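Subject: Structure handover

Hello,

Please find the structure below, followed by notes on what was found in it.

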Amino acid sequence: LLHDNSIDEEDEIDFCQAIVGHPTLTSIDLAGCCGGRIYMLSELVRSNQLESISMITSDLSFVTVAEREGFCNALSSNTSLTHLTLSGNNLIDEDAASIAGALERNNTLQHLCLRGNMFTEAAAAYFGYALGTNNTLSSLYLSKRVAERAEIYNALFDNSSLNSAADSNHTCHVVRCGFKACNEEDDPTGNRQRKIYKILASRNKRMSNVQHFDDIDINL
């Protein structure tokens, strides 16, 4: 825990080397330490040594495109990190697009917190698309304006058919998502079953189930 201990730019390399070389350290909190710079975050993610990184309330609005891409490339290929918190960093929609792109390729991260950033409703499309391919993220924290967009809902529960419902994302619980059909935490099998049941129940009310019986192996 290094809360609000400012680390100068000239000390960043030595600091990262010390953290990466530590034999037992698996978690670090860099809140208020980086002065709006992303170098340490990128290097620690790239190291594949830590399981949890938190960096909040750092103004990252001045990070260059190259620096952002470097961080997201590191996140894409990371195989150790399970928890990442980047709340309150003034991240914008371009950052959302890059992070979502990393999620499409990352298969280790389980918990991602992005509350308190500057995302608009447009960010929902990026995260919704990522959730269509990512099956390891189990919790995603977003602002309400993003979490409750249709793009997120459709990734979690595409109710256009039994097949689409079965192929939806059943692993990720999007926190602050107001839709009752969203995933419950740590219950992918139950989430899948509940979605299929919901469609069947709706069709039963319309007396339209018979024509769909061969759509999918329901496995309830």
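The crossing of H3 and H4 is right-handed, meaning that the near helix is turned clockwise from the far one by less than a right angle. This is a predicted model, in which local features need pLDDT of at least 70, side-chain atom pairs count only at pLDDT 80 or more, and totals for chains, interfaces and linings use all residues. Residues are numbered from 1 along each chain as its sequence is written, and side-chain values use heavy atoms, with hydrogens and water left out.

Helix H3 covers residues 65-77 and helix H4 residues 93-105; helices are DSSP runs (H or I, at least four residues) and strands likewise (E, at least two), numbered from the N terminus. The axes of H3 and H4 are 8 Å apart, at an angle of about 20°, on lines fitted to C-alpha atoms over the stretch in contact, with angles running from 0 to 180 degrees between N-to-C directions. The two helices are therefore roughly parallel (angles under 35 degrees).

Contact means heavy atoms within 4.5 Å. Phe71 of H3 takes part in the contact with H4. Not counting residues up to four places away in sequence, Phe71 touches Ile38, Leu41, Ser42, Val45, Leu84, Leu86 and Ile99.

In H2, Met40, Leu41, Ser42, Leu44 and Val45 are buried (under 20% relative accessible area, 1.4 Å probe, protein chains only). Their cover includes H1, strand S1 (27-29), strand S2 (52-54), H3 and strand S3 (83-85). Just after H2, Asn48 has a positive phi of about 60°.

Regards

Methods
Angles under 35 degrees count as roughly parallel, over 145 as roughly antiparallel, 65 to 115 as roughly perpendicular and the rest as oblique. Buried means under 20% relative accessible area, exposed over 50%, partly exposed in between (1.4 Å probe, protein chains only).
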